[in-house]
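Subject: Structure handover

Dear colleague,

Here is the structure, followed by what was found in it.

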Amino acid sequence: MTMKIRILLISILGLFVSNAYSQCAVTANFNYSYTDCSTIQFVDNSIPAPNYNLVQWDWDFGDGNTGSGQVVSHTFVPGAVVTVEVTVTADSSGVTCTDVYSVPITIRQLPDVFVSSNPNPGCIDEPVSFFGSSGFNIISWSWDFGDGTSSSQQNPVHTYTSAG
């Protein structure tokens, strides 16, 4: 009878240990937002089970680059199609567990922008008209004339006062 009790206890203990290690105590998840045309910030939204703490975040950006941390940013090649993956590790008194979450993302294309000026070349102390156009819906323009002045107009006029 004693042998049967030992086998039963060992079996129950084995099931308990096996069950503790086979169920992951974290559900990996993240969201993302663009910070400029092709740079994205990723924020972990993983949920650990009670008594577990998130201790590690390993990111694979799908383009050969990696990162770590709960919040990361990465600049992609415009127009690329990637699958971004986070592997999250949770810990409870030395018992660790990982979960993986991935999302396919198509990175935004950079707009095609066409610029011209008239007259070209311009002369000192004569106004030069600049023209900007694009097939994309451009929401803001930023011109730097190289002489310390700038404009946010789509089609500005600028007068140069010295050669350069």
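The largest nonpolar core has 22 residues, of which Phe42, Trp59, Phe76, Val84 and Ile105 touch the most other members. A nonpolar core here is a set of buried Ala, Val, Leu, Ile, Met, Phe, Trp, Tyr and Cys residues joined through side-chain atoms within 4.5 Å; buried means under 20% relative accessible area, exposed over 50% and partly exposed in between, with a 1.4 Å probe and protein chains only. Two or more residues each come from β3 (39-44), β5 (53-60), β8 (81-92) and β9 (95-106), and β8 gives the largest share, five residues. Strands (E, at least two residues) are DSSP runs numbered from the N terminus.

This is a predicted model: local features need pLDDT of at least 70, side-chain atom pairs count only at pLDDT 80 or more, and totals for chains, interfaces and linings use all residues. Residues are numbered from 1 along each chain as its sequence is written, and side-chain values use heavy atoms, with hydrogens and water left out.

Beyond four places in sequence, Ile105 is in contact (heavy atoms within 4.5 Å) with Tyr32, Tyr34, Ile40, Phe42, Ala80, Val81, Val82 and Val84. Another core, of five residues, lies apart from the largest one and includes Phe130, Trp141, Trp143 and Phe145.

On the strands: an open, antiparallel sheet of four runs in the order β6-β5-β8-β9, where pairing requires at least two DSSP bridges between two strands. β6 (66-68) and β9 are at the edges with a single partner strand each, so one side of each has no neighbour in the sheet. β5 and β6 are joined by three bridges in the antiparallel sense, and Asp58 stands opposite Ser68 in β6.

Regards
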